[in-house]
Amino acid sequence: MKITLVGNGRMGRQIADIVNRAGEHTIHRVLDAVDIIDAPAFAGSDVIIDFTVRDAFLANYKAMIASGVPVVVGTTGWDDVMGKIRDEVAAAGTSMLYSANYSLGVNIFLRTLREASRLIAPFQQFDIALTEQHHTGKADFPSGTGLKAAQEVLSANPRKKQVVRQLEDGRKLRNDDLQVAAIRLGSVFGVHSAFIDSDADTIELTHTAKSRAGFASGAVHAGACLVAHHVLRPGFYTMDDFLNDLFAE
């Protein structure tokens with residue numbers, strides 16, 4: 001594939017490094033904040049990979065869609081307008097893939113968390129809470145992956161109704177609250193944990209990222225999958241869609 005990167009931050013540079021070392025694909029172009037980003041900027045590309053920030057993505061996505069080139073989005077924090085963008089992708093007849101985290105290990109962790117949440121749902125004695133840790137430069141708080149983990153719990157365990165990020169003065173956690181705690185520390189790549197507790201025992205599920213390489217290689221692989229899907233079935237996809245196809249084979 002010829003890949004155009006939108007964003008030249010840590011993840012963008014990691015993706016470029018992995019692509020250049022593997023030699024299977026090529027970096028066609030790198031676009032950053034100083035570049036004019038319009039539909040012609042993506043000419044000659046097979047796939048676009050976007051790792052920027054919310055404001056940049058919202059400023060650029062219309063040009064990416066208009067180009068007709070499939071788009072892999074790793075930028076988080078735009079869930080509130082996802083339905084609108086999904087409709088725009090469909091209207092344009094193009095393809096977009098979004099994930100808060102492209103690490104295969106993280107997505108296996110999320111699937112495991114969903115199943116664990118379903119299994120404890122009938123048993124009142126089991127409570128569950130989530131934590132996420134990232135480096136001090138991380139912009140979103142909690143992380144997109146932390147909020148995705150919370151969605152998995154809420155979808156599988158009807159005893160949990162809403163996410164609580166912090167408590168107002170004097171308020172205590174209710175039984176139907178799902179606490180999601182965020183920690184910003186040093187240069188931590190990413191640690192996501194679920195704690196399931198009862199009077200008799202504790203179950204802990206944790207995914208620890210050792211480097212950004214897993215996120216970057218996952219995004220490149222996702223790009224290859226999206227290009228293949230785009231030819232047959234243009235549309236808006238998530239990592240769940242691709243994992244469902246994978247596990248169904």
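# A first look at strands, cores and a cavity

Strands S1 and S2 (residues 26-31) run parallel to each other, paired over 5 bridges. Welcome to this structure, which is a predicted model.

- One place to look is Ile 3, whose bridge partner in S2 is Ile 27.

- In soluble globular proteins, nonpolar side chains tend to be buried together.
- The largest nonpolar core here has 23 residues, and the members that touch the most others are Ile 3, Ile 15, Ile 49, Phe 51, Val 72, Leu 97 and Tyr 102.
- Two or more residues of this core come from each of strand S1 (2-6), helix H1 (10-22), strand S3 (47-50), helix H6 (213-232) and helix H7 (239-248).
- Helix H6 gives this core its largest share, 6 residues.
- A second, separate core has 21 residues, including Val 6, Leu 31, Ile 37 and Ile 85.

**Around Phe 51**
- Which residues does Phe 51 contact, leaving aside its neighbours within four places in sequence? They are Val 6, Gly 7, Met 11, Ile 15, Gly 74, Thr 75, Tyr 102 and Ala 219.
- Two of these partners, Ile 15 and Tyr 102, are also listed with Phe 51 among the core members that touch the most others.

**The cavity**
- Searching the whole structure turns up 1 cavity of 30 Å³ or more, and the largest cavity holds about 30 Å³ of space.
- Its lining is made of Leu 130, Thr 131, Glu 132, Gly 146, Ala 149, Val 180, His 192 and Ser 193.
- Sorted by class, the lining of the largest cavity has 3 nonpolar, 4 polar and 1 charged residues.
- Strand S6 (127-134), helix H5 (144-156) and strand S9 (191-197) each supply at least two residues of this lining.
- Which element gives the largest share of the lining? Strand S6 does, with 3 residues.

**Asp 87 in helix H3**
- Asp 87 sits in helix H3, which covers residues 82-92.
- Is Asp 87 buried or exposed? Its relative accessibility is 52%, so Asp 87 counts as exposed, the cut-off being over 50%.
- Asp 87 and Ala 156 are 69 residues apart along the chain, and 27 Å separates their C-alpha atoms.

Notes:
Residues numbered from 1 in each chain as written. Predicted model: local features only at pLDDT ≥ 70, side-chain atom pairs only at ≥ 80, totals over all residues. Heavy atoms only, no water. 1 Å grid on protein atoms, 1.4 Å probe; cavity = no way out; pocket = protein on both sides within 12 Å on 5 of 7 lines; lining within 4 Å. Points joined across faces, edges and corners; volume = space filled by probe spheres on them. Helix = DSSP H or I, 4+ residues; strand = E, 2+ residues; numbered from the N terminus. Nonpolar A, V, L, I, M, F, W, Y, C, P; charged D, E, K, R; others polar. Core = buried A, V, L, I, M, F, W, Y, C linked by side-chain atoms within 4.5 Å. Buried < 20%, exposed > 50% of the residue type's maximum accessible area, 1.4 Å probe, protein only. Contact = heavy atoms within 4.5 Å. Pairing = 2+ DSSP bridges.
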